[in-house]
Amino acid sequence: MKLILAFIKPFKLDEVGDALKSVGVSGMSVGDISGFGRQSGQTEVYRGAEYEVNFVPKVRLEILVPDELVGPAVEAIVEAARTGEIGDGKIAILEVGDVVRIRTGERGADAV
Amino acid sequence: MSCGFERVSGAPTPSEHIESFLATRDGLRGERIARGGAEVCAALNVAMDVVLDRLFRDVDSTNDVAVVATGGYGRAELSPFSDVDVMVLHDTKDPAEAAASLFRPLWDAGLRLGHAVRTVKEAATAARETVETHTTLLTTRLVAGSEDLYARFAAEITSVTRARPLTRHLVSEERRKREAVPYLLMAANVKSGRGGLRTLQGFQWERRREELIGRFTPRSTREEETAHDSLLRIRNALHVVTGRPHDVFSTDLREPVARWLGLDAYEVGELLVAAMLTVDRLATERWPELIETPPTAKRWGRDRRGVQPESAADLTADRFVAMLRSGEQGRFTIDRIYEGGHLADLLPEWGTIRTAPQLAPFHEHPVEAHLWRTISEMKNLIDGDSHYSAIAAEIDSDSGLILSAFLHDIGKGQGGDHSILGGEIAASFCVRLGCEPEVVSLVSEAVHHHLLLSQTATRRDLDDPAVIDDVVETVDGLRLLQTLYLLTVADSIATGPTMWNTWKQTLVRTLFLRCAARIGADKPPRDLIEQLVVDTGPTRRRAGMESHLAAMPDEYVRSVNVDDVSWHLDLIEALSGDAGLGVREGEGAQTAVVVGAGQPGFRRWVAESFAANGIDVLEARMHSREDGIIVDIFQVRDDVTGAPVSETKWGRARADLVAAVSGDLDTGSKVAERAAAYSSRESSGLDLEVSISLDNATGDTVITVKCADRIGRLAKILDALFSSGLEIRLAKLDSRGGQVVDTFHVGGGAELNPAVLEDQIVAAIVA
């Protein structure tokens, strides 16, 4: 089992969600986050005053998947989240020791 | 004195009775009793009375002891997992054994007791010491034991009650509650929260006190009883589905609570909101201090008439907006108007949304409370943070902003898209209210598009220029964009913490700033710049500066400072019908300002006067005042020796210009003479290239002319542009190695034909 962490542009959330469902991913957690990468920050001007955005808003996805779904899930995220512009985001894949479904007590892949 | 139960006798042991109570309570999980409200409480009360009565039989010295139900149990409002408030009233030296006999089996069964052991004197003292104990002991019942003892206790409590008015305490409690929860919550605490059972208990305590001191006491009204029943039903449901004394209607419990009550989640939400609204309004009617200035000692001898309802017929736009701005006072008044049936003609849709719940987890408040909070947040934006308040000042319609906040969700529950319907409803309402057409339009459009910025910011790519274009096209103007921005912020804050945080703020602000920049609002507002310049000018000059700036084009106002304006005014004042020329040294270039009365051909003469005297212009900014006065500003290149243009040269140029204006000199011929004299230095080919494009940011046409450097070419190009009816705003002239690239930003010439213009320019230069 793996935990996929994906950092994507906020407006890509729905597309990525649909893409994950289409490859068989049954659930994910979503969080609003802000940060900087190569995209760095941005500056806007209004009425002569500058407004700096040092941390760019992103969405973080956490997806638990069985090993056989890692490839399709990552591919689905990449395809759906890519705009080709800087700031499209990152994906990290982490090894997971065990998973427990609280309601039933199931463990491992059965609990994913 | 009331016991409210039928005493049982016979075989069952105390344990069996406790089991029976627990079975009654636990059985509720599978089967609701009646509608789940007072009937449930009654069943539990009876079961508990039976338990205590049976336990009491095992107590020695029963003549000196009474078991008294206090608090919620005393009021027969025992919910499934409520504390059982019991007082052992005694007249013995050692009540410990009696108390233990009564309480220990209940503790052993895991029941939560609110217990006390007191003599009559101790009970009276405790009631005197704290209001909380006093109110707990106001509504009691004798469950078992000495009636004489209970009668003495009741007499003492009556005496304490006569001496202590409760209203101050109750108002203060209610005020604290409203400070903690300024707007009704969906996740309401139905017991002790705003609009909850505790407030209704306050009404009961006041009535009980008046009864005890012998005053006429009106009974509770039907609407109070309905609200009480609704709250009790929801509280009981919460206890049953959680299996504990949980009194908060939290998001995850709405479905199970609804199932237990045999309703759907929306119906339960509506039941709760209607009950809380009623409780809230009844409290304000009973205690008008809640919406008035904090009470003084004198005012505690209160006027019970309360706040009188107003008639909708008196409502003007100004009065209505003032009411909205007044917060709780306005909310109460509008609710009274609605209850009086006066709002139906003006805003019939209010009835639908007034008690509408909002079940989505991100909604903190029901619709009505959300609207009032949005108004409050809008007021904070108008009066608070400089970023938002500056935008509100630019919009210059506080009425429009406040009405937009009040009406933005008015389309909910009407069937269909609530934004579109809301826009139509808002327009009709504002017209009925007598708002100015401009306000009607602003409010209607703002309500219609109130989700645009929020949805675009989170669902679309803000780096895509097409997205910005879409929004700009939809809002069609800076004022609506600004209004939507403030409405989005106020609405989001008023929705709840998950809807407004730094993350969302960054997205919405970025979208707004990019759209505003597309409309040209990245520049400061013109009136602010004018004000800054005027305010920093010498006092004697301020009036002149103000009228001068007001009559000058935007580009001028945005590019000058107070010294420039003062200098230009000096030149204009010295102008005697012909022309004026001033020069100042700058870093790397001189600045020359030419003023004139706006005679036809004046700018060509200026260009020719400069060219005839070897003055090379790097940049020209050309401005015409509303009264025709020309104020053109030139950045001038150092001469061929690298030194600034000499005063002698400037003197000759000034003299040539004055002579040209008065018709005494043909500057064109003079330029031609100079061109002939220097022709050997100029390259033979022209390499002429003209391009014409549109500047999207300003709407100006941009004409770029590339050609070999020629003396007098600027005058020729200007001539060609003027003869096409174009207004030159800015000219940038770049000369390198015998080649020049001249760029002109021009306005006017609505019928401009680029091909014709290009031909005219080419012809003028070649000539």
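User: Which strand does β1(A) join through 7 bridges when it runs antiparallel to β6, and where does that strand lie?
Analyst: In this predicted model, β1(A) is joined by 7 bridges to strand β6 of chain A, which covers residues 89-95, and the two run antiparallel. Within that pairing, A:Ile4 stands opposite A:Ile93 of β6(A).

User: And what about β1 and β5 in chain A, parallel or antiparallel?
Analyst: Strand β1 of chain A, residues 2-8, pairs with strand β5 of chain A, residues 56-65, in the antiparallel sense, and 7 bridges are found between them. Here A:Ile8 is the residue that stands opposite A:Val59 in β5(A).

User: Switching to chain B, what is the strand order in the open sheet?
Analyst: The open sheet of chain B has 4 strands in the order β3-β2-β1-β4, and its pairing is mixed. Because β3 (113-118) and β4 (141-145) of chain B each have a single partner strand, they stand at the edges, and one side of each is left without a neighbour in the sheet. On average, neighbouring strands of this sheet are turned by 25° against each other, with direction ignored.

User: How many bridges between β1 and β2 there?
Analyst: Strand β1 (residues 65-69) and strand β2 (residues 84-90) of chain B pair over 5 bridges in the antiparallel sense, and B:Val68 is found opposite B:Met87 in β2(B).

User: Which helix packs on that sheet?
Analyst: Helix α2 of chain B, residues 38-57, packs on the sheet and touches β1, β2 and β4 of chain B, while its direction makes about 30° with that of β4(B).

User: How do α1(B) and α2(B) cross?
Analyst: The axes of helix α1 (residues 14-27) of chain B and α2(B) come within 9 Å and cross at roughly 170°. An angle over 145 degrees counts as roughly antiparallel, so α1(B) is roughly antiparallel to α2(B). Residues making the contact include B:Phe21 and B:Ile18 of α1(B), along with B:Leu44 and B:Val51 of α2(B).

User: What classes do the residues of that helix contact divide into?
Analyst: The residues of the contact of α1(B) with α2(B) divide into 10 nonpolar, 3 polar and 2 charged.

User: Last topic, how many residues of each chain are in contact across A and B?
Analyst: In the predicted model, 15 residues of chain A are in contact with 20 residues of chain B. On the chain A side, β2 (29-35), β3 (42-46) and β4 (49-53) each supply at least two residues, and β3(A) gives the most, with 3 residues. By class, the side of chain A that touches chain B has 7 nonpolar, 3 polar and 5 charged residues.

How values were computed:
Residues numbered from 1 in each chain as written. Chains lettered and ligands numbered in written order. Predicted model: local features only at pLDDT ≥ 70, side-chain atom pairs only at ≥ 80, totals over all residues. Pairing = 2+ DSSP bridges. Axes fitted to C-alpha atoms, helices over the stretch in contact; angles between N-to-C directions. Contact = placed C-beta atoms within 7 Å. Nonpolar A, V, L, I, M, F, W, Y, C, P; charged D, E, K, R; others polar. Parallel < 35°, antiparallel > 145°, perpendicular 65-115°, else oblique.
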